[in-house]
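The following note sets out numbered points for a colleague who has the structure at hand. Each point takes up one feature or one group of related features.

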Amino acid sequence: MSSTWLPAGAPLVAALVACVLWFVSSRRGSKDPLRELLQVVALAVSALGLVAPLFLAWAIPAARGGVLPAHDGVLLCVQAALISALFLQWSAQSSLGARLRIMLACLLTSAFLVLALGTNDRTHISLLLLAAALAACGPVLVTPPLGSDDADQETSSARSITGGVKHISSATLGTCLLVIGALLVARYAVNLENSGLQQLGAGLVVVGLVARAGVWPFAPASSDLLAAAAGPAVLVMGAVTPSVIAAGIVILDLQGGASPLRGYSLAWLPAIGVLLAGLRALGAGADRHAISAQSGLPIPRSFSSPDLFAATIALQAGWAMFGVLSGSTEGVGGALLLAANTAIAVPLLVAATGSSKPALAVAAASLLGLPPTGGFVGTLLVARSAAAVG
Amino acid sequence: MQLNVWIILIAFGGAGLVALPDSRGVLVALLVQWAGIIGTLSSFIQEGGGWRIIAVEALTALVCVGLLGWTVQTLHKIKPGEVPGIADEYEDGWQQERFGQPGTTRQQALSDLLLQTVILLAGAVAGFGLARIYPLGGSEESLLAFYWIVLSSVLTLVLHGARDAVKQAVGLLVLLNAVALLVGTAGVRAPDPYTLGLLSLCRIGLAGLLSYVLVRLKAGFFDLDFGNLFDARSGTAPYSTALALVNVEPGGSYSEEVTLPDGEVAEEQALEPAHDSDQDAEPAPQEAQDVPDAREVEVE
C-alpha cells in the first residue's frame, strides 16, 4: 500500500501548486498578461501532475501504480482521459474559477483512482472509488448560479445539477452495497454454517460493482452529464467507470488463488443491463407524434444524442462487467481491454460531438465493439467467454 | 437483547428523519441518531484504539451536521426579493406553497399521521426481524442499530428523497453512517486509521457537495424542492395557468373559499362559451350545457 502513495501524491502536489498559481493569478488585473501566463503554467502543472503517476511507475518499480500489471494499462488510458477532460473543459471555460475547478477535479480524481487501483483491500477500493466519484462531480455542483433569464441556460444548468446529484446518489448506494458485501465475505469466507450469509455478501458485492460500473439501469446520470457538463462526463464515464471495471477484478479476487467469490456467478445481471441499454437507445427519440405547427405535417423523428451516447457507454460497461463476472481468463482480459477502450473512446465522443462526424463515428463504433476499432477485440473475447460459459 | 439509551436515540433519530417535514428538524434528528451511533460504537469497541474511532466519528458528525445545518439555517433566513436573478414565478410559487396552502381537513391530517405511524412501526418491526434473520456480525444491539439506521435512510430516500433535497442529502449521509457502524462493530478486525479517514472524508465530501446543491437550488429556484429543478430540466415553464375544476360542488359553487396569494377571496367566474364572430355559427351541442361550470384558476 505504501508504494502507491508516491504516484498518488504527485497529482495532490500538482493540485497544491495549481491552487497557489490560481491565487496569485486572481490578484492580477484582468488585462495583466501575467495573469494569463500564470493560468497556462497552472494548466501545465496540472497536466504534469496527471502524467507523473505513470512516469513514476515506469521509473521506480517499487512505486508501480496498479496491483496487477494490466492495471497499469488501464491507468494509462484513464490518465489520458483525465488529461483530455482537463484540456476539453479548459478550452470551453474562460473564467478563472471554472478552470480551477476542473483542474482540481481532474487531479483529485486521479489521486483517488491511482490509490484505488493500487490496493488489495476491498473496503479501501470501494471508498476510494466513491471519493473519486465525488471529486468528479465537483465541477458540476460547485458552480456559482448563473441567474440568467435564458431558458436554454436554465435547462442546461438544471440538467447538470440533476446529473451530478443522480451520480452521487447511485455512487453512494453502490459503495454501501460493496462495503457491506465485502464485510460479509471477509467474515464468513470459511464459515460453512453460514454459507447463506456468504452468498448474500457475494451477491451484494456483485450488485454494488455493477451499480458502480454504470451498467443500465444504474446509469441515470449519464445522459444529463453528457448533455450539460462535458468535462465531468468524461471524468465520470471516461475515468471512473474504467477504473471500477479494473478494480472489480481485484474486488472479486480473480487474479488467482482460492476465493469465495470465484465461481459465484451473477453474470446475467450485466447481460440484462446490456439488453436494457439497447432498449433505452431505441427509446431515445423525439415524440413520434410531433406535428409541425406551421405545416401541419409530422416532424421527422430525431434522436437525443446524449441519451444515445449514454446508452452506448452503458452497453460497453455491461459487456465489460459480464467479462469480469464470467471469471474466465478470456473474459477478464476482454473486460480490461473494454475498460481501456472506454477511457479512450468517451473523451473522443465528447470532443467530437457537434464538431467532427468522422471522429464521432469512430468513437461510437469503438464503444459498440465494431471492427476494426479498439472495442472489437475486447468484445470478441467477452463473447467467447460467454460462449464458453453457456 | 436490551434496548439501551443509544439504541433508543437511534430509533428516535430515525423516526424524526422520516416523519419531520421541517429541514431543521430533520438535521436535529440526524444529530440525535449520530449521537446514538457514537454511543453504540463506544459500548462495543473494547480494543485499544477505540477512542480513535469515536473521536473520528464525533468530528465527522460535527463537521457534516454543522455544514448542513449552517447552510439550511442561512437559506431559511433569505426572504423573497433578496436573491437577484430569480424569476418572479418561483418566488410567487414559494410564497403560495408556504403561506397559501388551504387548511387540510381533520380527516386528511389524521390519515397522514396514521400512515406515517404505520410506516414507522413497520420499519421498527422490520429491523427486529432482519436482525434475527441476517446476523451480519457483532452483537444483537449493534445489529439492530444498523438495521434501524439503514431502514430510516431507505424510508427517507424513498418517501421524500425525490422531492426534498435536504432529506435526500441526509438519507445518503445516514446510509454511509450505517456502513461506518457496521465496519466498526462487525468487521473481522478493528478499522485501521486509513479506513476511518476514508469514511470520514467521503461523508464530509458528500455533505459539502450536497450543501452546495441546496445553495444552488435556493439561488436558482428559491426553493429546496426538487420539483422546480426537474421542471427546468425538462424545459417546463413553472406555474403556468390552466383550466381546472377546483372544489366545485354540483351546481357550480365553491365548496369552500379559495384564497389568492394577495389575500383576496377568489370570485366565482363562470366561463362563457366562446362566441364565433360569424353569425351563422352553430349553437353548442346539448351535452356541453350539462357540464358543470369551470373556473379559471392558477395552477402551481
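1. Helix axes here are lines fitted to C-alpha atoms over the stretch in contact, and the angles run from 0 to 180 degrees between N-to-C directions. The model is a predicted one. In chain A, the axes of helix H12 (residues 329-352) and helix H13 (residues 357-368) come within 8 Å and cross at roughly 150°. Angles over 145 degrees count as roughly antiparallel, so H12(A) is roughly antiparallel to H13(A). The crossing of H12(A) and H13(A) is left-handed.

2. Chain A has 14 helices and zero strands, and its pattern along the sequence reads α-α-α-α-α-α-α-α-α-α-α-α-α-α. Chain B has 10 helices and two strands, in the order α-α-α-α-α-α-α-α-α-β-α-β.

3. Burial can also be stated by chain. Chain A has 390 residues, of which 54% count as buried. In chain B, 41% of the 300 residues are buried.

4. How many salt bridges does the structure hold over all chains? The total is 10. One of them, in chain A, is formed by the side chains of Arg99(A) and Glu36(A), at 3.8 Å from N to O. Arg99(A) belongs to helix H4 (residues 96-117) of chain A and Glu36(A) to helix H2 (residues 33-59) of chain A, so this pair ties together parts that are 63 residues apart in sequence. Glu36(A), at 44% relative accessibility, counts as partly exposed.

5. A further salt bridge in chain A joins Asp224(A) and Lys166(A), with the closest N and O atoms 3.2 Å apart. Asp224(A) sits in helix H8 (residues 222-228) of chain A and Lys166(A) in helix H6 (residues 151-187) of chain A; the pair therefore ties together parts 58 residues apart in sequence. Asp224(A) is buried, its relative accessible area being 0%, whereas Lys166(A) counts as partly exposed at 25% relative accessibility.

6. In chain B, a salt bridge is formed by the side chains of Glu57(B) and Arg203(B), at 2.7 Å from N to O. This pair links distant parts of the chain, with Glu57(B) in helix H3 (residues 50-76) of chain B and Arg203(B) in helix H8 (residues 193-221) of chain B, 146 residues apart. Are these two residues buried or exposed? Both Glu57(B) and Arg203(B) are buried. Elsewhere, salt bridges that share partners join Arg159(A), Lys166(A), Asp224(A) and Arg233(B) into one network. That network includes Asp224(A) and Lys166(A), the pair described in point 5.

7. Ile272(A) lies in helix H10 (residues 268-282) of chain A. With a relative accessible area of 42%, Ile272(A) is partly exposed.

8. The loop between helix H9 (230-251) and H10 of chain A contains Asp253(A). Asp253(A) has 22% relative accessibility and so counts as partly exposed. Which separation is found between the C-alpha atoms of Asp253(A) and Gly327(A)? They are separated by 9.5 Å, although the residues are 74 apart along the chain.

9. Most peptide bonds are trans. A cis peptide bond, however, joins Trp216(A) and Pro217(A), with omega about 5°. Pro217(A) is located in the loop between helix H7 (195-212) and H8 of chain A. A cis peptide bond also joins Pro371(A) and Pro372(A), where omega is about -5°. Pro372(A) is placed in the loop between H13 and helix H14 (375-389) of chain A.

Methods: Residues numbered from 1 in each chain as written. Chains lettered and ligands numbered in written order. Predicted model: local features only at pLDDT ≥ 70, side-chain atom pairs only at ≥ 80, totals over all residues. Heavy atoms only, no water. Helix = DSSP H or I, 4+ residues; strand = E, 2+ residues; numbered from the N terminus. Buried < 20%, exposed > 50% of the residue type's maximum accessible area, 1.4 Å probe, protein only. Parallel < 35°, antiparallel > 145°, perpendicular 65-115°, else oblique. Left-handed = near helix turned anticlockwise from the far one by under 90°. Salt bridge = Lys/Arg side-chain N within 4 Å of Asp/Glu carboxyl O.
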